Amino acid sequence: MNRYILKELLQPFLLCLGFLSLVFLLTKIIDITDLVVNYRASLSTVLSMVGYTLPVLMQYTLPMSVMMAVLLTLLRMSADREIVAIKAGGAGLSAILFPVGAFCLVGSLLTLAVTIYAVPWGNYSYKKMVVDIASAGVDASLKEGKFNTNFDGVMLYVERIDPADKSLHGVFIRDTRNPESELAITAPRGVRSFSKKTNTLTLRLFNGDVNQVNLAGREVNAIAFSTYDIRVDLSAIGSDKKLGDKARDEMSLSELKDYIDAEKKAGRTPSAAIMEINEKFALALAALTLGILSIPLGLRTAFSRKGSGMGLGLVCFLLYYVMHASGWSLGKSGVLPPEYALWMGNVVMGSAGMVFLARVSREKSLGFDVMGGLFLSFFGMVIGLFRKGGQP
């Protein structure tokens with residue numbers, strides 16, 4: 001029996017995990033496409049970036065998939081009268097709770113491994129690859145005799161690139177980053193360098209001229225130079241952080257703890273870092289919490305007949321993540337302690353799951369039947385009024 005239920009749970013879990021991961025991955029397609037088009041990233045690079053993105057998505061899709069797998073499996077078993085057959089054979093609710101609980105526990109441990117190890121690795125590796133693509137893309141995107149507009153606010157034209165030392169000849173730059181003035185820079189020769197640490201491209205020009213146009217006063221100032229450096233920040237192409245500085249979501253558990261200790265010694269309260277640690281464990285426990293909540297929802301045959309069990313499961317799932325997102329806001333604002341802000345969804349959903357389980361074990365209704373009936377009656381009345389009003 002246990003093996004049969006676990007086998008039935010595995011297929012919808014894998015289907016939900018693949019589908020949900022694909023849906024969430026679509027949110028990253030625009031960024032990846034931009035890197036492919038503007039910086040000519042290869043197929044292997046794109047696949048690597050997708051791999052680095054998956055852990056970030058899986059910390060959310062794993063709990064969702066566990067919940068949907070339990071709900072779908074139990075709804076199907078209820079509709080096929082398999083739950084009735086199990087009870088008729090003398091087995092109680094424990095015959096279902098043990099394999100389903102074990103499945104949810106494995107999903108919770110898998111989510112914990114993803115949040116602690118895979119997410120920081122994926123975030124930092126993704127950012128590092130973006131910076132590497134930017135570095136290679138600088139050379140790939142600079143073409144002789146063509147205007148380069150890949151840089152934010154800077155247009156670059158190079159007449160010739162020396163293949164020996166990669167020096168630039170016949171350089172023209174239009175800099176519009178300052179809204180009050182524009183720069184037109186010309187130089188017969190220049191060189192370029194790229195810093196991965198600061199994610200900055202530096203163009204050093206020699207023996208040229210700068211024409212500064214004051215847009216408000218309609219004035220033009222011309223300056224000759226022997227050496228002129230212009231720096232272009234490449235962070236806009238996909239990373240808003242310097243490579244040398246790890247963000248909170250790129251730190252390991254030990255690095256977060258060290259950061260928190262350092263901030264406390266400096267007299268500051270690192271609320272965001274504390275919530276980052278708690279989020280890793282809260283999301284992992286969500287797989288177990290939401291899975292347990294799905295058991296009484298799936299065992300109610302009334303839900304399978306009315307087709308409302310799936311909708312109720314989605315509502316519960318969305319409610320959990322609304323409370324999770326609210327926890328971040330409440331924790332950052334200081335309304336709730338950062339140590340407890342992100343556990344709100346687990347407490348509410350876990351408590352509801354235990355109450356529903358207790359009622360199901362005593363063969364009682366979950367209490368949604370009356371509410372569902374009232375809603376359907378009200379909805380039917382509204383539809384009837386519209387139909388009546390539409391008649392001639």
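Predicted model: local features only at pLDDT ≥ 70, side-chain atom pairs only at ≥ 80, totals over all residues.
Student: What makes the span of helix 6 close to the expected one?
Tutor: Helix 6, residues 253-265, has 13 residues and reaches 19 Å from its first C-alpha to its last, and this is set against the 18 Å expected at 1.5 Å a residue. The expected span is 1.5 Å times one less than the number of residues, and on that basis the value for helix 6 is close to expectation.

Student: Which residues of helix 6 are buried, and why are they said to be on the same side?
Tutor: Leu253, Leu256, Ile260 and Glu263 are the buried residues of helix 6. They cover an arc of only 90° around the axis, which puts them on the same side of the helix. As background, an α-helix has 3.6 residues a turn, so residues three or four places apart point the same way. The face of helix 6 turned away from its buried side carries the exposed residues Asp258 and Lys265.

Student: How do you know on which side the buried residues of helix 10 lie?
Tutor: The buried residues of helix 10 are Gly345, Asn346, Met349, Gly353, Phe356, Leu357 and Val360. They cover an arc of only 110° around the axis, and therefore they lie on the same side of helix 10. Val347 and Met354 are exposed residues carried by the face turned away from that buried side. Helix 10 itself has 18 residues and reaches 26 Å from its first C-alpha to its last, close to the 26 Å expected, and the helix is followed by Glu363, whose phi is positive, near 60°.

Student: Why is Cys16 called buried, and what about Cys316?
Tutor: Buried means under 20% relative accessible area. Cys16 has a relative accessible area of 15%, and so Cys16 is buried; Cys316, with a relative accessible area of 12%, is therefore buried as well.

Student: How many disulfides does the structure hold?
Tutor: The structure holds 0 disulfides, where a pair of cysteine sulfur atoms would have to be within 2.5 Å to be counted.

Student: Why is Leu22 called exposed?
Tutor: Exposed means over 50% relative accessible area, and Leu22, at 51% relative accessibility, therefore counts as exposed. Leu22 is found in helix 1, and its C-alpha atom is separated by 9.3 Å from that of Leu57, 35 residues apart along the chain.

Student: What makes strand 5 and strand 6 a pair, and how do they run?
Tutor: Two strands pair if at least two bridges are found between them, and 14 bridges join strand 5, residues 200-214, to strand 6, residues 219-233, in an antiparallel arrangement. The bridge partner of Leu203 in strand 6 is Ile230. The two strands form a hairpin with 4 residues between them, and Arg218 in the turn has a positive phi of about 55°.

Student: Within strand 5, are Thr202 and Asn207 buried or exposed, and why?
Tutor: Thr202 lies in strand 5, and at 16% relative accessibility this residue counts as buried, because the limit is 20%. Not counting residues up to four places away in sequence, Thr202 touches Val191, Arg192, Ser193, Ile230 and Arg231. Asn207, also found in strand 5, has 56% relative accessibility and therefore counts as exposed. Phi of Asn207 is near 55°, a positive value in a residue other than glycine.

Student: How many bridges join strand 2 to strand 3?
Tutor: There are 7 bridges between strand 2 and strand 3, which run antiparallel, and in strand 3 the bridge partner of Met155 is Arg174.

Terms used: Residues numbered from 1 in each chain as written. Heavy atoms only, no water. Buried < 20%, exposed > 50% of the residue type's maximum accessible area, 1.4 Å probe, protein only. Arc of directions from axis to C-beta. Contact = heavy atoms within 4.5 Å.
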